[in-house]
Amino acid sequence: MDHNEAPLLDALAEYHRLDRYGFTPPGHRQGRGADPRVRDILGADTFRADVLASAGLDDRSSSGGYLKKAEQLMADAVGADQAFFSTCGSSLSVKAAVLAVAAGKGDLLVSRDAHKSITAGLVFSGIQPRWIPPRWDPQLHIAHPPLAADVEEMWERYPDAAGALIVSPTPYGTCADIGAIAEACHRRGKPLIVDEAWGAHLPFHDGLPTWAMDAGADVCVVSVHKMGAGFEQGSVYHVQGDLVDPAHLSECADLLMTTSPNAILYSAMDGWRRQMVQHGSELLGNALDLATRLRRDLDGLPGIHVLEDELLAAESSHDLDRLQILMDLSDLGISGYQAADWLRENCRIDMGLSDHRRIMATLSMADDDASARRLMDALQALIKAAPTLPSPARIDLPSPSDLELETVVLPRDAFFGPREDVPAREAVGRVAAEQITPYPPGIPVIVPGERINEAVIEYLESGLKAGMVLPDPADPSLGTIRVVRERPDQP
């Protein structure tokens with residue numbers, strides 16, 4: 001295929017060249033009706049590019065096929081059989097994959113370090129999750145992806161499951177041995193879904209971890225806005241082989257997605273694909289070289305340790321995306337939460353992730369020596385300021401076994417069934433009716449249907465005092481937790 005083309009971008013240019021005018025949504029009419037104060041901040045061209053995808057960018061029957069052609073080019077660029085664009089983020093795409101593979105079929109093997117959007121898919125679908133335990137690191141207190149042997153063991157226990165879903169790369173940049181896991185699934189004729197939201201760039205440079213489609217995954221979901229150059233909410237889900245019906249996958253996505261997709265998001269993904277095919281190897285190569293230098297220089301700063309070997313140790317991760325620079329601040333005597341807040345307030349720097357002892361800087365092909373220097377200067381300032389910051393609040397970190405809560409009720413039944421709010425301490429021993437997720441990275445500590453234990457409550461309560469953010473429970477302060485009502489007949 002001709003990757004010099006960008007069908008959606010070309011159609012948008014033609015729309016403007018012909019001076020089309022739509023008596024249709026959006027009501028701002030390419031910015032004519034927008035408040036000038038809004039237009040000054042968002043930019044006139046933003047509104048000018050915001051046109052309908054059908055009966056606007058294309059005609060009312062989409063006879064130009066611009067979106068279809070752009071998706072075909074994307075699939076060709078990365079070696080998938082088919083690709084589908086989503087303007088509702090990978091949160092929608094992964095839900096669609098879960099529905100297509102397992103809805104109405106019972107069980108799905110799911111890595112327990114899955115993002116909260118996957119939990120939402122379980123709630124929507126009524127699927128019974130069979131949790132694949134990740135490789136918990138009790139020293140670092142993070143989850144590495146499961147091994148192929150872990151997936152194999154779960155297939156032995158649940159041979160009738162509809163498929164398996166894993167996350168790779170994780171939010172910490174660590175990657176699974178997707179090839180070996182795919183083989184374990186395919187020996188049983190079952191599909192593998194990979195939530196590769198952090199891996200949109202992987203197909204375009206040999207120095208990056210293996211792209212899920214190359215490793216044999218059947219469905220792969222990527223967020224173009226994370227490691228690519230698309231707008232927020234831009235996502236692509238890819239499919240290959242004959243274990244997942246592409247038409248059914250598309251139908252499942254259609255159940256969830258908006259009927260008013262944003263042409264700006266579509267066009268940005270289309271243009272990013274062209275950029276990657278033409279220049280991706282060079283751009284990502286430069287980014288990897290910069291990351292190598294920056295990782296070395298940051299690791300040389302007093303009190304800061306860049307994690308690498310620890311993330312690739314035996315029985316942990318298969319590979320690592322080195323554009324994700326994870327830094328341990330334990331020797332500075334401050335928490336990652338404190339560091340992220342201080343950097344934002346004093347250096348105007350936002351970090352990609354923070355936890356009880358770490359911060360992460362995510363590099364992309366857009367970074368250069370100037371942005372790297374800015375990060376170095378900010379962290380040097382943090383080092384000087386660290387002795388003046390208060391001692392971090394202690395977090396009661398649970399053991400790996402304490403984090404493996406027992407699922408006793410289907411997530412859907414727990415979420416939609418009779419429930420009640422109880423004081424957090426009284427939730428111990430009860431079944432959760434909501435998910436509770438430290439964010440970022442967005443991995444639920446409690447999933448609807450799991451029996452809550454005391455160690456997890458202590459972890460969340462102490463984490464909140466230390467700076468953890470819990471955006472999804474009904475009571476974000478965790479004064480109460482929503483649990484399944486023990487006697488549904490009671491009001």
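Leu42 counts as partly exposed because its relative accessibility is 49%, and in this predicted model the residue belongs to a nonpolar surface patch.

**Surface patch**
- Leu42 is part of helix α2, which covers residues 36-42.

- In soluble globular proteins, nonpolar side chains tend to be buried together.
- The largest nonpolar core here comprises 117 residues, and those with the most contacts inside this core are Ile178, Leu192, Leu298, Met327, Leu343 and Leu379.
- Helix α12, spanning residues 263-299, gives the most to this core, contributing 13 residues.
- Leaving aside residues up to four places away in sequence, Leu379 touches Leu298, Leu301, Ile304, Met327, Leu343 and Ile359.
- Another core, apart from the largest one, holds 22 residues, and Tyr337, Ile452, Tyr459 and Leu478 are among them.

**Cysteines**
- A disulfide is a covalent bond between the sulfur atoms of two cysteines.
- With a cut-off of 2.5 Å between cysteine sulfur atoms, the count of disulfides in the model is 0.
- Cys220 is therefore in no disulfide, since the nearest cysteine sulfur, which belongs to Cys175, is 12 Å away and the cut-off is 2.5 Å.
- Cys220 counts as buried because its relative accessibility is 0%, which falls under the 20% limit.
- Cys347 also counts as buried, because its relative accessible area of 18% is under that 20% limit.

Note on methods: Residues numbered from 1 in each chain as written. Predicted model: local features only at pLDDT ≥ 70, side-chain atom pairs only at ≥ 80, totals over all residues. Heavy atoms only, no water. Core = buried A, V, L, I, M, F, W, Y, C linked by side-chain atoms within 4.5 Å. Buried < 20%, exposed > 50% of the residue type's maximum accessible area, 1.4 Å probe, protein only. Helix = DSSP H or I, 4+ residues; strand = E, 2+ residues; numbered from the N terminus. Contact = heavy atoms within 4.5 Å. Patch = residues over 30% accessible without salt bridge, like charges linked within 9 Å, V, L, I, M, F, W, Y side chains within 5 Å. Areas by Shrake-Rupley, 256 points an atom, 1.4 Å probe, with all protein chains shown as cover. Salt bridge = Lys/Arg side-chain N within 4 Å of Asp/Glu carboxyl O.
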